[in-house]
Amino acid sequence: RSAVCPRGSVVPPTGQGGREPAAPGLSPVLSKEEPMLKKLTEEKLEELLEAGVEEFALSGLAGANMRAIADRAGISVGALYKYYGDKEGLFRACLDRSLEALHGVLEEVTAEPAGFQEYARRIIRALLWFSRDHAGYVRLYCALAASGGEAARRLAGEIEGVTAQLYARTIAAGQAAGDLRRDMDPGLFAF
């Protein structure tokens with residue numbers, strides 16, 4: 001059955017076009033067919049994700065409180081659930097946000113050609129700045145890595161993969177340029 005919202009709009013039930021599954025990243029689960037009384041602005045969505053990062057970093061996925069996140073972001077709990085479906089959906093969006101930020105910083109510092117030593121200097125400096133400027137993201141990773149379990153290992157590996165792939169490419173380029181010995185495995189050396 002369809003539900004009738006204020007102002008007379010009809011919201012189809014789940015599974016009949018009313019909701020899409022929670023999508024990773026910044027994509028909320030609202031469909032075009034499910035209008036809210038008031039959509040959240042991009043700025044408010046940013047605040048929500050930052051509040052989520054902080055709460056998940058402090059309490060982990062299991063201990064995070066959706067009410068605390070909503071309060072910190074200045075929105076209702078209902079709006080939070082409408083945008084992200086459930087706690088796991090919000091957690092994934094927060095994790096994707098941190099991965100996008102990390103990937104963006106690393107792409108920026110490696111965009112200009114350089115030798116191995118210069119790339120290493122840029123990457124190390126960028127990671128230090130990133131850790132300082134995005135301490136919540138670093139705490140989120142640490143909480144995730146320390147939580148244990150297969151899902152946590154998989155997600156931590158996904159985060160680690162962003163830097164590991166960059167390190168391996170940089171090492172391989174250094175080998176090709178003659179800056180590094182060619183008899184070592186770039187993937188192992190990156191580890």
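**From values to words**

Q: Why is Thr110 called buried?
A: Thr110 has a relative accessibility of 18%, and a residue is called buried when its relative accessible area is under 20%, exposed when over 50%, and partly exposed in between (1.4 Å probe, protein chains only), so Thr110 counts as buried. Thr110 lies in the loop between α4 and α5, and, leaving out residues up to four places away in sequence, Thr110 touches Tyr119, Ile123 and Leu166, where contact means heavy atoms within 4.5 Å.

Q: What kind of model is this, and how are its residues numbered and its side chains treated?
A: This is a predicted model, in which local features need pLDDT of at least 70 and side-chain atom pairs count only at pLDDT 80 or more, while totals for chains, interfaces and linings use all residues. Residues are numbered from 1 along each chain as its sequence is written, and side-chain values use heavy atoms, with hydrogens and water left out.

Q: What makes up the secondary structure of the protein?
A: The protein has eight helices and two strands, counted as DSSP runs (H or I of at least four residues for helices, E of at least two for strands) and numbered from the N terminus. Along the sequence they follow the pattern β-β-α-α-α-α-α-α-α-α, and buried residues make up 38% of the 191 residues.

Q: How do you know that the span of α6 agrees with what its number of residues leads one to expect?
A: The expected span of a helix is 1.5 Å times one less than its number of residues. For the 13 residues of α6 (residues 135–147) this gives 18 Å, and the end C-alpha atoms are 18 Å apart, which agrees.

Q: Why are the buried residues of α6 said to be on the same side of the helix?
A: The residues concerned are Gly136, Tyr137, Leu140 and Leu144. They cover an arc of only 100° around the axis, which puts them on the same side of α6; the arc is that of the directions from the helix axis to the C-beta atoms. What covers these residues includes α1 (42–63), α4 (87–109), α5 (116–133) and α7 (150–176).

Q: Why is Cys142 called partly exposed?
A: Cys142, which is found in helix α6, has a relative accessible area of 42%, a value that falls between the two cut-offs for buried and exposed, and therefore Cys142 is partly exposed.

Q: What makes α6 oblique to α7?
A: The two helices pack at an angle of about 140°, with their axes 8 Å apart. Angles under 35 degrees count as roughly parallel, over 145 as roughly antiparallel, 65 to 115 as roughly perpendicular and the rest as oblique, which makes α6 oblique to α7. The contact is made by Tyr141, Leu144, Ala145 and Ser147 of α6 and by Ala152, Leu155, Ala156, Ile159 and Glu160 of α7.

Q: How do you know that the buried residues of α5 line one face of the helix?
A: In α5, the buried residues are Phe116, Tyr119, Arg122, Ile123, Ala126 and Phe130. Seen down the axis, they fall within an arc of 125°, so they line one face of α5. The face turned away from this buried side carries the exposed residues Gln117, Ile124, Leu128 and Arg132, whereas what covers the buried residues includes α4, α6 and α7.

How values were computed
Axes are lines fitted to C-alpha atoms, for helices over the stretch in contact, and angles run from 0 to 180 degrees between N-to-C directions.
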